Every structure is written in C-alpha cells, then in structure tokens.
Amino acid sequence: MLFAPFCGYIKVEREVEESSMSELIELVKTDAIAQVFLNRPQAYNAFNYDLVSQLTSRLTTLAGDDSVRGLVVTGRGKAFCAGGDLKWALGYPARPGAAFHTLASKFHLAILEIRRMKKPVVAAVNGVAAGGGFSMALACDFRVMDKSAIFRQAYTSNGLCIDGGGTFTLPRLVGYARALEIAAFDEPISADQALSWGLVTKVVEDGQALVEATAMAQQLSRRALNSYAWSKKLITDSYNTSFETQLELERAALEACADHPDGREGLAAFSEKRKPEYG
C-alpha cells in the first residue's frame with residue numbers, strides 16, 4: 001500500500017453528515033448508484049488508518065443498503081489512490097512492520113467487503129492507482145480508466161510486497177508470468193497497456209472515467225441483482241474448489257436463483273415475450 005507521489009452528468013443527491021466520516025470518504029448517491037470518493041486529494045488519496053477505517057465502514061453500510069444497487073469507487077483530485085501513506089507508516093510509534101500490520105488489517109476488511117458485495121462495484125480510475133490503490137482497483141468487479149491514468153504496483157520498489165489481494169487478483173487477470181513480471185520490474189502500466197492485458201474493462205477520454213463507470217453501474221443495476229450476486233460468488237469461489245464441488249455449488253445456486261423473485265420475473269418475462277423488470 002504505497003504512497004507514490006507521482007463529474008456527474010445527471011442530478012444527484014449529496015449526502016450530508018455531521019460526523020467526520022465526510023472528511024476522508026465522500027458519498028454521492030445517483031439514483032440507485034453510490035459513488036464513493038476517497039477524499040485526501042492533497043496526499044493523492046493515500047491510505048492512512050483513518051481513511052481505510054472510514055472506507056471499510058462506508059462499504060459495510062452500503063453492502064446492506066437495499067436502496068443501493070451498485071457502487072462506483074474513485075478518488076478526488078488528480079489520483080485514484082496512491083496506496084498506503086509511507087509518511088504515516090514511518091511516523092508510527094512502533095516498528096514499521098507493526099504500522100503495516102495495523103494498516104493492512106483495516107485495508108483488507110475493505111477489500112473483503114468489495115469482493116463479497118452482492119452488487120456490482122466499478123472502479124473509476126481517474127489518475128494514478130499505485131500500491132494499495134492498484135490492488136483495490138483490481139478487487140473491484142470492473143475498471144474504467146482515464147486515458148492518461150496509470151497503474152503501478154509500486155510495493156517492490158519500496159522493499160515491500162503486494163497486499164490488498166493483489167497477489168490473488170493480478171495473476172487471475174493477466175496470468176502467472178505477467179503478474180510476476182509486474183511484481184519484479186514495477187514498470188508503469190498505461191491505460192492502453194492495461195486494456196490490452198485485460199486489467200481494465202474500458203479506457204475513456206480524460207475526465208470521463210466517473211461518468212462511464214456510473215453509467216456501467218446503472219446498466220448493471222437494472223439487471224437481476226440476485227443473479228449477479230450468485231455469479232460473482234461462484235466465479236470468485238471457483239478458485240478454491242474442485243470441478244465436482246463447483247458443479248454442485250452451481251446446481252444449488254441455480255435452484256436458489258429460480259426460486260428468487262428475480263428468477264421468477266425473468267422466467268415469466270421469457271414466457272410472456274416481454275422485457276423483465278427487476279428490483
């Protein structure tokens with residue numbers, strides 16, 4: 001999680017709170033979509049303990065909010081997220097390792113919330129995504145990237161190793177050999193290169209990542225959310241199961257989907273030759 005120095009298009013309802021939560025994490029609701037902004041632009045949205053704590057709290061709340069059918073994660077200012085704040089880590093009262101142990105404990109809870117989320121999570125990569133910012137973007141279901149934005153794993157250039165689930169998601173997106181190359185050499189990855197390697201879903205003109213990511217989340221939110229949740233879970237968990245076990249999990253999930261209101265609506269719409277209405 002390395003600090004490596006280097007919007008909207010429809011009417012929105014801006015959430016206002018009395019607490020300090022709004023200082024480091026800002027939430028904007030656009031219809032059924034929650035836009036989650038990392039809000040430390042002066043530090044390239046680098047993670048310190050307060051930011052990741054607030055991020056985890058926000059994600060946990062949004063995961064259980066039935067009025068929210070999709071999330072977009074992005075950063076204020078010129079960066080998506082530059083990763084962990086090394087200045088914070090170096091100023092930690094105990095040894096540096098203890099600082100990263102403490103920071104990663106909260107950061108990993110945020111990553112788990114993203115991966116367990118039963119609704120789509122889209123990263124709008126509006127600038128550099130390095131270290132933990134890179135790992136967090138990879139943990140999201142989809143990534144939309146501004147043309148001038150860059151990815152950088154950054155950890156190994158500072159004598160550290162990848163966290164935030166990056167060693168899980170990266171090789172599954174690009175393969176073992178390329179993941180090891182990214183870890184070993186830590187070369188900046190341009191948006192076009194990220195697209196060709198399968199690291200991002202779409203590259204857009206500068207300043208359009210948030211708009212496009214929100215539109216993508218809105219499109220997904222109109223589909224069967226229960227079906228999406230099961231598909232996301234099955235695909236994620238498939239790396240930990242045998243083929244035979246996966247078949248049984250698929251059968252159980254298919255049965256659950258067919259009995260869910262979304263499944264009943266989808267089947268009825270097919271029978272009646274009309275467009276299904278979910279949610």
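User: Why are helix 4 and helix 5 called roughly parallel?
Analyst: They pack at an angle of about 20°, with their axes 9 Å apart. Roughly parallel means under 35 degrees (over 145 is roughly antiparallel, 65 to 115 roughly perpendicular, the rest oblique). Helix 4 and helix 5 are therefore roughly parallel. Angles run from 0 to 180 degrees between N-to-C directions, and axes are lines fitted to C-alpha atoms over the stretch in contact. The model is predicted: local features need pLDDT of at least 70, side-chain atom pairs need 80 or more, and totals for chains, interfaces and linings use all residues. Residues are numbered from 1 along each chain, and side-chain values use heavy atoms, without hydrogens or water.

User: Which hand is the crossing of helix 4 and helix 5, left or right?
Analyst: Helix 4 passes helix 5 in a right-handed crossing.

User: Which residues make the contact between helix 4 and helix 5?
Analyst: Helix 4 brings Phe107, Ile111, Ile114 and Arg115, and helix 5 brings Gly132, Met136 and Ala139. Contact means heavy atoms within 4.5 Å. By class, the contact has five nonpolar, one polar and one charged residues. Ala, Val, Leu, Ile, Met, Phe, Trp, Tyr, Cys and Pro count as nonpolar, Asp, Glu, Lys and Arg as charged, and the others, Gly among them, as polar.

User: What makes helix 2 and helix 4 roughly parallel?
Analyst: Their angle is about 25°, with axes 9 Å apart. Helix 2 and helix 4 are therefore roughly parallel to each other. Their crossing is left-handed. Residues in this contact include Val52, Leu55 and Leu59 of helix 2, and Leu103, Phe107 and Ala110 of helix 4. The contact divides into 10 nonpolar, four polar and two charged residues.

User: How much space lies in the largest pocket, and what lines the largest pocket?
Analyst: The largest pocket holds about 1100 Å³ of space. It has 39 lining residues, and Arg115, Asp141, Lys232, Lys233 and Thr236 are the closest to its centre. On a 1 Å grid, a pocket is an open set of points where a 1.4 Å probe fits, with protein on both sides within 12 Å along at least five of seven lines; lining residues have an atom within 4 Å of a point. The volume is the space filled by probe spheres set on the points.

User: Which helix gives the most to the lining of the largest pocket?
Analyst: Helix 10 does, with 11 residues. Helices are DSSP runs (H or I, at least four residues), numbered from the N terminus.

Technical notes. Helix = DSSP H or I, 4+ residues; strand = E, 2+ residues; numbered from the N terminus. Left-handed = near helix turned anticlockwise from the far one by under 90°.
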